[in-house]
Amino acid sequence: MSKEKDVEKPSSLIRAALDSGLSCKDDETEYCVPLSRLSIHENERKALWKYTNGGKKTAEKLEIEWVVDVADHNLNWFIATAFLYDDESRTIKVAIPDRIEPQWEGYLPLDHRCIHLMECCDPNSIALYKYIASLWTREVCWRVSWWNEDDTDEIAGIQRTGIAKFFGRITNALYVVPDRYVVASALMNKEVQRKKKKKF
(Lines give C-alpha, C1' and ligand atoms only; values in the text may rest on other atoms or scores of the structure.)
Protein backbone atom coordinates (compact mmCIF):
# COMPACT_ATOMS: atom_id res chain seq x y z
CA MET A 1 0.00 0.00 0.00
CA SER A 2 1.38 3.40 -0.95
CA LYS A 3 2.34 5.94 1.63
CA GLU A 4 -0.34 8.57 2.14
CA LYS A 5 1.80 11.43 0.86
CA ASP A 6 2.36 9.56 -2.42
CA VAL A 7 -1.34 8.92 -3.04
CA GLU A 8 -3.18 11.29 -5.32
CA LYS A 9 -6.76 11.64 -4.10
CA PRO A 10 -9.25 11.01 -6.94
CA SER A 11 -11.83 13.65 -7.83
CA SER A 12 -14.73 11.33 -6.96
CA LEU A 13 -14.26 8.97 -4.05
CA ILE A 14 -17.52 7.20 -4.88
CA ARG A 15 -16.39 6.48 -8.43
CA ALA A 16 -12.96 5.46 -7.16
CA ALA A 17 -14.51 3.06 -4.65
CA LEU A 18 -16.57 1.47 -7.43
CA ASP A 19 -13.48 1.12 -9.63
CA SER A 20 -11.07 0.25 -6.83
CA GLY A 21 -8.70 -2.69 -7.08
CA LEU A 22 -9.07 -3.22 -3.32
CA SER A 23 -11.42 -6.11 -3.96
CA CYS A 24 -11.76 -9.82 -3.38
CA LYS A 25 -14.30 -12.51 -4.00
CA ASP A 26 -16.52 -13.34 -1.06
CA ASP A 27 -15.33 -16.95 -0.94
CA GLU A 28 -11.61 -16.17 -1.10
CA THR A 29 -9.51 -16.85 1.97
CA GLU A 30 -6.54 -14.85 0.68
CA TYR A 31 -7.37 -11.20 0.06
CA CYS A 32 -6.07 -9.25 -2.91
CA VAL A 33 -4.68 -6.49 -0.70
CA PRO A 34 -2.33 -6.83 2.27
CA LEU A 35 -4.73 -5.07 4.64
CA SER A 36 -7.60 -7.54 4.67
CA ARG A 37 -9.94 -5.54 6.90
CA LEU A 38 -10.19 -2.83 4.24
CA SER A 39 -10.65 -5.19 1.32
CA ILE A 40 -13.86 -4.44 -0.56
CA HIS A 41 -15.99 -7.52 -1.17
CA GLU A 42 -17.82 -7.84 -4.44
CA ASN A 43 -21.22 -7.75 -2.74
CA GLU A 44 -20.21 -4.47 -1.02
CA ARG A 45 -19.18 -2.98 -4.34
CA LYS A 46 -22.49 -4.07 -5.91
CA ALA A 47 -24.43 -2.53 -3.03
CA LEU A 48 -22.69 0.81 -3.59
CA TRP A 49 -23.20 0.57 -7.35
CA LYS A 50 -26.92 -0.03 -6.87
CA TYR A 51 -27.21 2.66 -4.18
CA THR A 52 -25.55 5.27 -6.42
CA ASN A 53 -27.43 4.18 -9.58
CA GLY A 54 -24.27 2.88 -11.18
CA GLY A 55 -22.19 5.76 -9.91
CA LYS A 56 -24.44 8.40 -11.48
CA LYS A 57 -25.24 9.91 -8.07
CA THR A 58 -21.62 10.86 -7.46
CA ALA A 59 -22.38 14.59 -7.77
CA GLU A 60 -25.20 14.34 -5.26
CA LYS A 61 -25.14 14.06 -1.50
CA LEU A 62 -25.16 10.44 -0.40
CA GLU A 63 -26.96 9.35 2.76
CA ILE A 64 -24.73 7.30 5.03
CA GLU A 65 -24.72 6.01 8.60
CA TRP A 66 -21.25 6.03 10.12
CA VAL A 67 -20.03 6.36 13.68
CA VAL A 68 -17.26 8.95 13.81
CA ASP A 69 -15.10 10.79 16.31
CA VAL A 70 -14.89 14.55 15.75
CA ALA A 71 -12.69 17.22 17.31
CA ASP A 72 -13.43 20.80 18.30
CA HIS A 73 -10.94 23.67 18.14
CA ASN A 74 -9.48 22.63 21.50
CA LEU A 75 -8.90 19.07 20.25
CA ASN A 76 -11.60 17.63 22.48
CA TRP A 77 -13.06 14.57 20.75
CA PHE A 78 -16.76 13.68 20.64
CA ILE A 79 -18.64 10.66 19.35
CA ALA A 80 -20.93 11.66 16.48
CA THR A 81 -23.13 10.26 13.73
CA ALA A 82 -22.21 10.94 10.11
CA PHE A 83 -25.33 10.90 7.95
CA LEU A 84 -24.50 12.67 4.68
CA TYR A 85 -21.50 12.52 2.34
CA ASP A 86 -20.87 15.23 -0.26
CA ASP A 87 -18.62 13.81 -2.98
CA GLU A 88 -18.11 17.15 -4.70
CA SER A 89 -16.77 18.99 -1.66
CA ARG A 90 -15.49 15.81 0.00
CA THR A 91 -17.18 16.66 3.28
CA ILE A 92 -19.31 14.72 5.74
CA LYS A 93 -22.30 16.09 7.62
CA VAL A 94 -22.32 14.98 11.24
CA ALA A 95 -24.49 15.38 14.30
CA ILE A 96 -23.17 15.26 17.87
CA PRO A 97 -24.06 12.85 19.34
CA ASP A 98 -26.84 11.82 16.91
CA ARG A 99 -29.66 13.21 14.77
CA ILE A 100 -32.37 12.58 17.39
CA GLU A 101 -31.06 15.12 19.90
CA PRO A 102 -28.16 16.90 18.21
CA GLN A 103 -26.05 19.28 20.28
CA TRP A 104 -24.20 20.34 17.13
CA GLU A 105 -24.66 19.64 13.43
CA GLY A 106 -22.56 20.62 10.43
CA TYR A 107 -20.17 19.65 7.65
CA LEU A 108 -16.60 18.56 8.28
CA PRO A 109 -13.86 17.84 5.73
CA LEU A 110 -12.31 14.41 5.35
CA ASP A 111 -9.31 15.37 7.44
CA HIS A 112 -7.78 13.14 10.12
CA ARG A 113 -7.10 16.20 12.26
CA CYS A 114 -10.81 16.79 12.85
CA ILE A 115 -12.57 13.49 12.12
CA HIS A 116 -11.88 9.79 12.69
CA LEU A 117 -13.95 7.03 11.11
CA MET A 118 -14.95 4.42 13.69
CA GLU A 119 -17.68 2.18 12.26
CA CYS A 120 -19.87 1.85 9.18
CA CYS A 121 -23.44 0.89 10.09
CA ASP A 122 -24.74 1.21 6.53
CA PRO A 123 -24.36 -1.79 4.17
CA ASN A 124 -24.92 0.44 1.13
CA SER A 125 -21.88 2.64 1.75
CA ILE A 126 -19.39 0.22 3.32
CA ALA A 127 -17.36 0.06 0.09
CA LEU A 128 -16.98 3.85 0.19
CA TYR A 129 -16.11 3.72 3.89
CA LYS A 130 -13.41 1.10 3.32
CA TYR A 131 -11.98 2.94 0.34
CA ILE A 132 -11.69 6.19 2.28
CA ALA A 133 -10.07 4.38 5.21
CA SER A 134 -7.62 2.69 2.86
CA LEU A 135 -6.74 5.93 1.09
CA TRP A 136 -5.65 7.49 4.39
CA THR A 137 -3.66 4.42 5.50
CA ARG A 138 0.10 4.06 5.23
CA GLU A 139 2.62 1.32 5.89
CA VAL A 140 4.63 1.32 9.11
CA CYS A 141 6.68 -1.18 11.05
CA TRP A 142 6.27 -0.59 14.77
CA ARG A 143 6.57 -3.07 17.63
CA VAL A 144 3.63 -2.37 19.96
CA SER A 145 1.92 -3.76 23.02
CA TRP A 146 -1.66 -3.27 24.14
CA TRP A 147 -4.34 -4.54 26.46
CA ASN A 148 -7.30 -6.31 24.93
CA GLU A 149 -10.35 -4.86 26.70
CA ASP A 150 -13.03 -6.58 24.63
CA ASP A 151 -15.25 -8.35 27.15
CA THR A 152 -16.42 -10.81 24.51
CA ASP A 153 -12.87 -11.95 23.83
CA GLU A 154 -11.58 -15.00 25.65
CA ILE A 155 -8.26 -13.25 26.23
CA ALA A 156 -9.73 -10.00 27.52
CA GLY A 157 -7.47 -8.25 30.01
CA ILE A 158 -4.32 -9.93 28.73
CA GLN A 159 -1.47 -7.78 27.47
CA ARG A 160 -0.57 -8.58 23.88
CA THR A 161 2.34 -7.66 21.64
CA GLY A 162 2.73 -7.56 17.90
CA ILE A 163 3.96 -5.63 14.90
CA ALA A 164 1.89 -2.74 13.59
CA LYS A 165 2.06 -2.99 9.80
CA PHE A 166 -0.32 -0.16 8.89
CA PHE A 167 -1.48 3.04 10.52
CA GLY A 168 -4.84 4.51 9.50
CA ARG A 169 -4.72 8.25 9.97
CA ILE A 170 -8.43 8.84 9.36
CA THR A 171 -9.41 5.76 11.39
CA ASN A 172 -6.81 6.47 14.09
CA ALA A 173 -6.09 2.76 14.19
CA LEU A 174 -3.07 0.49 14.08
CA TYR A 175 -3.44 -2.73 12.11
CA VAL A 176 -1.40 -5.36 13.91
CA VAL A 177 -0.04 -8.86 13.24
CA PRO A 178 0.25 -11.75 14.14
CA ASP A 179 -3.06 -13.64 14.63
CA ARG A 180 -4.27 -12.27 11.29
CA TYR A 181 -4.96 -8.57 11.17
CA VAL A 182 -6.57 -7.10 14.25
CA VAL A 183 -7.40 -3.49 14.89
CA ALA A 184 -5.93 -1.74 17.87
CA SER A 185 -6.82 1.84 18.68
CA ALA A 186 -3.80 4.05 18.21
CA LEU A 187 -4.57 5.64 21.58
CA MET A 188 -5.03 2.38 23.46
CA ASN A 189 -2.16 2.90 25.88
CA LYS A 190 1.01 4.88 26.47
CA GLU A 191 3.17 2.20 24.90
CA VAL A 192 1.39 2.58 21.59
CA GLN A 193 1.42 6.36 21.90
CA ARG A 194 5.19 6.34 22.30
CA LYS A 195 5.52 4.38 19.08
CA LYS A 196 3.51 7.08 17.29
CA LYS A 197 5.90 9.96 17.97
CA LYS A 198 7.56 9.59 14.56
CA LYS A 199 6.34 12.36 12.23
CA PHE A 200 4.67 11.58 8.94
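Modeller: Accessible areas come from the Shrake-Rupley method with a 1.4 Å probe, and for residues only the protein chains shown count as cover. Here the chain exposes about 11500 Å², of which carbon and sulfur atoms supply 48%. This is a predicted model, in which local features need pLDDT of at least 70 and side-chain atom pairs count only at pLDDT 80 or more, while totals for chains, interfaces and linings use all residues. Residues are numbered from 1 along each chain as its sequence is written, and side-chain values use heavy atoms, with hydrogens and water left out.

Colleague: What secondary structure does the chain have?

Modeller: Helices (H or I, at least four residues) and strands (E, at least two) are DSSP runs, numbered from the N terminus. The chain comes to 4 helices and 11 strands.

Colleague: In which sense do β8 and β9 pair?

Modeller: Two strands pair if DSSP finds at least two bridges between them. Strand β8 (residues 137-147) and strand β9 (residues 159-168) are antiparallel, with 9 bridges; V144 stands opposite G162 in β9. On β9 there is also an antiparallel pairing with strand β10 (residues 173-177), over 5 bridges, where G168 faces A173 in β10. A hairpin is formed by β9 and β10, with 4 residues between them, and N172 in the turn has a positive phi of about 55°.

Colleague: Which residues touch the most other members of the largest nonpolar core?

Modeller: In soluble globular proteins, nonpolar side chains tend to be buried together. A nonpolar core is a set of buried Ala, Val, Leu, Ile, Met, Phe, Trp, Tyr and Cys residues joined through side-chain atoms within 4.5 Å; buried means under 20% relative accessible area, exposed over 50%, and partly exposed in between (1.4 Å probe, protein chains only). The largest core has 32 residues, and L13, W66, V68, I92, V94, L128 and I132 touch the most other members. The greatest contribution to this core is that of α3, with 6 residues. Another core, of 8 residues, lies apart from it and includes W142 and F167.

Colleague: Is F83 buried or exposed?

Modeller: F83, in strand β4, is buried, because its relative accessible area is 7%. Contact means heavy atoms within 4.5 Å; beyond four places in sequence, F83 touches L62, E63, I64, K93, V94, A95, R99 and E105. The C-alpha atoms of F83 and V94 are separated by 6.0 Å, although these residues are 11 apart along the chain.
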